Amino acid sequence: MSTYRWAAGYIDDGDRPKIVTSRFEYEDSYTLERYHATGGYDGLKRALAKAPNEVHDEVRGATILGRGGAGFPAGTKWGLMPADKYPRYLVVNGDESEPGTYKDRLLMERDPHQLIEGCLIAAYAAGLAQVFLYIRGEMPLAHERVGQALNEAYAAGYIGKNILGTNFSVDIVLHWGAGAYVVGEETALIESLEGKRGEPRLKPPFFPAAIGLYGQPTIVNNVETLSNLPWLLVNGMEAYTAIGTQTSPGTRMVAVSGHVNRPGVYEIINGTTTFRDLFYGEEFCQGIRNGNELKAFVPGGGSAPWFTPDQLDLPFEGRLVGAAGSMLGSGAIMVMDHTTDIPAAALTLTRFYAHESCGQCTPCREGGTWLERVLARVVAGNGTPADLDQLMEIGESICPGDFPHAANEALGLAATPFPYKMTTICFVGPSAYAPVHSALTLFRSEFEAKITRRNSIPVAAIHSTPAPAGAH
Amino acid sequence: MTATDNSPAPGADSDAPPPDPNAVQVTVNGVPHTARKGQLIIEAAADAGQYIPRFCYHERMTPVGKCRMCLVEADGGRGPAVTVSCMVPVAPDMKIETESPMAKRMQEGVLELLLANHPLDCPVCDKGGECPLQDQTMSHGPGESRFVEEKRHYEKPIPISDLVFLDRERCILCDRCTRFADEVAGDALIHFIGRGNSTQVMTFPDEPFASYFSGNTVQICPVGALTAKPYRFKARPWDLDEVESTCTTCSVGCRTVVQSSRDQLLRYQGVDSDPVNWGWLCDRGRFGFESVNSDHRLTEPLVRSATGLVPTSWNAALAATVTLIEDAKAAAGPESIAVIGGARGTNEDAFAWARLAHDVIDTPNVYSQMGDGLPVGILGMPRATINDVASATTIVLLAPDLKEELPILYLRVRDAVEKRRAKVIEFTPKQGGVTRYAWKSIAYEPGTQVDAVSAALADPAIAAQLASGSVAVVAGRANLAETSAATVQALQTLLAAVPQATVLPAFRRGNVVGALQVGMRPRSGGLDTRGTLQAAADGKIECLILVGADPLADFPDSDLARRALFGARRIISVDTHLSATSDRADVVLPAAAFGEKSGTTTNLEGRVTTLGRKVTPAGTSRPDWMIAAAIAQGLGVDLGYRSVDDITDAIAAMVASYDGVTREALASSPDGIMSHTPASIDPINPVSVEIGVRNSYDFRLVVSRKLYDAAVGTATSPSMAHLAPGQSAHLHPLDVERAGVVAGAEVKVISPRATAVMRIEADPTVLRGTVWVPFNQPGGNVGDLIDCTAPVTDVRIENL
Amino acid sequence: MARLNDDNVRLAQEIIGRYPRPRSATIPLLHLAQEQEGYLTQDAIKHVAELVGATSAEVLGTATFYEMFKFEPVGKYLINICGTMSCALMGAEELMHHAEERLGVKAGGTTSDGLFTLEHAECQAACTEAPCLQVNYRHAFRVTNADLDTLIDDLRAGTLDGEIPAHGTLARVRQSIPADKAAGVVTPEQVGAPAWFPAKDPS
């Protein structure tokens, strides 16, 4: 059995260690009963038997890289809080909305107790006095499952006052969003949780660990990150780091979508699995659809610069992927085969980020929409040759200097590594540019072809010409 | 000095300043510069002579880093990084590049993006010519935008309040106005609405931006998105002439520039005076120029004839004035003459009038308060400055609603609470603007404030707070329908218990402190305003001289004011506008108004600042001092004043508290010079008041001012006249029921004096058992109910 | 009057009580209001502002930032068709065209019977199951034109009522923190490290 109808999208195939998806095979995986039957809350009990700093050391030693996108180690993040400032808060980032990404939704829908247990372990270890579990608004099923699990866990004495008879007391408050991608950015999440518009805060100078929710030290951790903690506490640091590589231990949930034969969410071994394994491996996607050629892929969520077959043998390892000109981000890979209309595909992403701009800073608000408008014109066949240079120049106003891109042998391009400079407050503006830059750098001839076509249209007809078909 | 010489020459080492722990060495565009620890890069660069372009940054508000115009490259040791100079502080050895190729590329890029959706309608925009977007596009931008797509479109402009229009197409979403509304004014009635490219500044659909401070948003808007109704399309910036001045609408003394074109006042803008107004103005002060330009100005002298007041020449009017004074003197001696007023003018006006009254006419009956303040002796108490209040650990308010009466002081107090966590202990008969920021808001029934203060002092938490640091008391008249002695007694009780406390007098009238200090106060045995009005009512005043004073509107006890004007045998009125009071005068002399005369003024702290003259006085009107000098001349005395400067010099020379307040000193101190507490002011003797018990069917009357009322400054400003809320009787919602009346209905309010008819409003900010009525509202008559000789006023409320 | 009804006010107060600052409850309370009326009325926004201690403009500013809040009535069923990359690669545009044809409204429109509002949506976190859509935020995966027709028929027939509540209702399970179990709200004013935590962080 490799797929479960109650966990649509998740694929359990091959013989790999499972850290966070171990209960997905059970239809009732979200119940306290099943959780108990499968070792649930043992991690919390182990944690409570230790001193908080011992638990923190264990997490630090396991190098659990943040699964939200930035990949910052959770244990290190916890250690960034000022030693003398209390109270501290934990905000759980369940606002998953990066294009291509989904794993937090599954973890919340399928194993909410695992997440709750992870929250409790984090709160205990880092001295976090209240937990706010922020779930994306458009995920009512996750909301219901987590809500039900919280109610059960309160009743069972896992949450609240004097947890399991100890002096550890913490509330977990279920909070829900209302549809804004940018709120997935941790400071925007905090603003949103304060009841405001989800506009990211500038960092530096201040990071949430020092000045966060209500101005207090705040840890913002991703759902998947926290879901790793129960297993870690039960199995120990050594068992955790035995999986994957030294710099990228453990497993990761990765969603592979687009033009592959078996798109799905897989829990893969971190650091070693290559993109080729993922796309062509029997236990994974089993090749490109219809035997087509792979043209390009987005390796780390919609914000990531694109790769081409030249990068297939890179492993799923952040530093290597960064050096190759992109990022792993939130574990989302979107695959394009040779039939793909590259400019049109880029437009879907640029449109997304332009639409999701919070609007507070100029380059993103104005630049994102400008990119979208020009690109849409080009895709519709109404572009001019100057438009292509202009797209890059608008992008430079958002990301001055060299923008990361992959090497390409056929084009004679060497890689420009991550990261980029940006004139914006957060990464939404650069993310609107990333697909434009990648597509134009790697597939400029496809844009030029659209321009040539436009040049054959009488000028008077430009504005009345219906848009040609889009991506297909 | 040689290397072996290690015994320093006398004074040599002490000449070298010790290393400043607050100094941070940086370079700005390669030039070494010493910045202050914690200073933002944008400020440090400015100190080093490098102006970094900016839109959202405003030195009086929290930086937000939204516009991205101020991006520079800064290298703190890890290589040059894109840095938001308005949010990141300097660090040791930081290399700041404001003009590197990268910095220039970013600045040009941001400007081009800002212009993408900007309509570029500069030729028809009020801001054109003084527009930061225009200016910085010229200095830092690419000069044009390649944006050829369709721009954002909105209905434009739309009124967002009675005074302010919004053009959303011009808006660059810098968050200045919205931040001001929330962070500075505390009136978050405008806000960003929508998201991304369709973000706009808006109010809630049916809740306009009705803030007393709305005009500031127009001033700080870096484009022409916000425009003020009174100024729209009135002038182009390059046609405006301006002079720095001080607003005298109230006694805070905000610094302004007064701007005019073609000899007409067109706009006041706030000037950032660090100890006073931080650049802000209230709307009443900002838009009061309309009243100077008003058709209701007195433009020529008037004398009474058989048919009423008729225009005449200055010579004739002055001769008539002199005759009135001489006749009065002849009839009953100089003590039968009284002068009320002086708070509206300059120090020079008041000084000339004080000399005329005391030295020429020789009357002791001179006063510049209108029965709405506290005894002049409060000026002799240890004085607090506005900064003392704003930096105090504890701020005690025994004062009227600062938001209504001294709006910019309210902003400073609010800032102290919000930014500095100062604790406010408010004693008040009615909740007001400060209440929501108060640590303790202690409501008291009129007359019982001494009990409230005593009880508070006995509260351990309050006592501990008062003992925990500096204490500044703002003291003024919170209720015009009660004796000032009740507040004085409470103040004395407080000061006895908190000896380190200092006092800021919340006297409201523009230059009342200056007038009092330069001599517009009774000489020994003289009458104050109430005494004068009483004497006049009793037929003992042969000549009543009103200098910018309108007892019918301003004196709380209207009946006494009316009887006084009826009883005074001769009345001389010097005023800018014809009022109900001047309408009863025998001679009316037209006075120059704000912006039409220069001089100095003294604010409630005792700070002396200059007033600038920008336009010629309306008609033949003259400054008060000139009128005083001319009358003195007519009475045979040459005061010796040929110019304002002569009097400024005379004040510095003759008035001890103005020692050192010279023209030279003022010219080099735009924030003003502090006058000293006048030694000659009599201390207030301990007072004690007996307040009768209120009959449980009665309500105790509380009367206080709203910012907008029927005073000439607002009543003759077309943009503001309709903002006065009108007279109504406010009862606590539970008392509405208890009184057996209905909110919204007209009722009779019956005092021992009179019956007034007004509408009832249910108002939870009113203390139970009291009724609050705003003072001096258009068509209002609450003054009829007030007996200024009674300690408090109790009223009954009945259905019609 | 479309303020929150008494039951929802009680619920609102319970929710507010979980946060150190009342304003944090803004979005949950706006959801309550939308659940009650199907969209956000001006009166409801004002009521939420009163409850959380903000101005109406501030609450409107928050509400209009988020896609899910509607300020005009929408259909009983809000059909959001995802058009972001993975779905676009797998035929989302065709699905949208079909939906527009089938419902007789353009994206953004509401059918004349008030039953359906059709919208373009951004990524719905089901990218491997493209093209996908949500009906009142309940997913449908790998949707073909025929699937969409069936879905619309089923919604019209009411056979999905048990699974898909009317627009506005999100979760049908609410969190409830029993008073006797609650650890309690921790406000920023609270001093010192929590009881179980050594005051000086040894790390």
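Visitor: Is B:Ala467 buried or exposed?
Guide: In this predicted model, B:Ala467 is exposed, because its relative accessible area is 64% and the cut-off for that class is over 50%.

Visitor: Which helix holds B:Ala467?
Guide: B:Ala467 lies in helix α15 of chain B, which covers residues 460-467.

Visitor: And how far apart are B:Ala467 and B:Ala497?
Guide: In sequence, 30 residues separate B:Ala467 from B:Ala497, and in space their C-alpha atoms are 9.8 Å apart.

Visitor: Let us turn to the sheet. What is the strand order in the open sheet of five strands in chain B?
Guide: The order is β20-β19-β18-β21-β22, and the pairing is parallel. The edges are formed by β20 (440-443) and β22 (502-505) of chain B, each of which pairs on one side only. On average, neighbouring strands of this sheet are turned by 15° against each other, direction ignored.

Visitor: Which helix packs on that sheet?
Guide: Helix α14 of chain B, residues 449-458, packs on the sheet and touches β18, β19 (423-428) and β20 of chain B. The direction of α14 makes about 150° with that of β19(B).

Visitor: How many bridges join β18 to β21 in chain B?
Guide: Five bridges join β18 (residues 394-398) to β21 (residues 471-475), and the two strands run parallel. As one example, B:Val396 has B:Val473 in β21(B) as its bridge partner.

Visitor: New topic: what domains does chain B have?
Guide: The domain assignment gives domain 1 (1-8 + 24-151), domain 2 (152-229), domain 3 (302-373 + 511-674), domain 4 (376-505) and domain 5 (699-799).

Visitor: What lies between domain 3 and domain 4 of chain B?
Guide: About 1,000 Å² is buried between these two domains of chain B, with carbon and sulfur atoms giving 62% of that area. Contacts involve 15 residues of domain 3 and 14 residues of domain 4. The centres of the two domains, taken over C-alpha atoms, are separated by 32 Å.

Visitor: How many salt bridges are there between domain 3 and domain 4 of chain B?
Guide: The count between domain 3 and domain 4 of chain B is zero.

Visitor: And how much area do chain A and chain B bury between them?
Guide: Chain A and chain B bury about 3,000 Å², 53% of it on carbon and sulfur atoms. A:Arg197, A:Glu366 and A:Trp370 supply 22% of the area that chain A buries against chain B, more than any other three residues. In terms of contacts, 35 residues of chain A meet 38 residues of chain B.

Visitor: How many salt bridges cross the interface of chain A and chain B?
Guide: Six salt bridges are found across the interface of chain A and chain B. B:Arg146 forms a salt bridge with A:Glu393, with the closest N and O atoms 2.1 Å apart.

How values were computed: Residues are numbered from 1 along each chain as its sequence is written. Chains are lettered from A and ligands numbered from 1 in the order in which they are written. This is a predicted model: local features need pLDDT of at least 70, side-chain atom pairs count only at pLDDT 80 or more; totals for chains, interfaces and linings use all residues. Side-chain values use heavy atoms; hydrogens and water are left out. Two strands pair if DSSP finds at least two bridges between them. Helices (H or I, at least four residues) and strands (E, at least two) are DSSP runs, numbered from the N terminus. Axes are lines fitted to C-alpha atoms, for helices over the stretch in contact, and angles run from 0 to 180 degrees between N-to-C directions. Contact means heavy atoms within 4.5 Å. Buried means under 20% relative accessible area, exposed over 50%, partly exposed in between (1.4 Å probe, protein chains only). Domain bounds come from an automatic or database domain assignment. Buried area is the accessible area (1.4 Å probe) that two parts lose on being put together, summed over both. A salt bridge is a side-chain nitrogen of Lys or Arg within 4 Å of a carboxyl oxygen of Asp or Glu.
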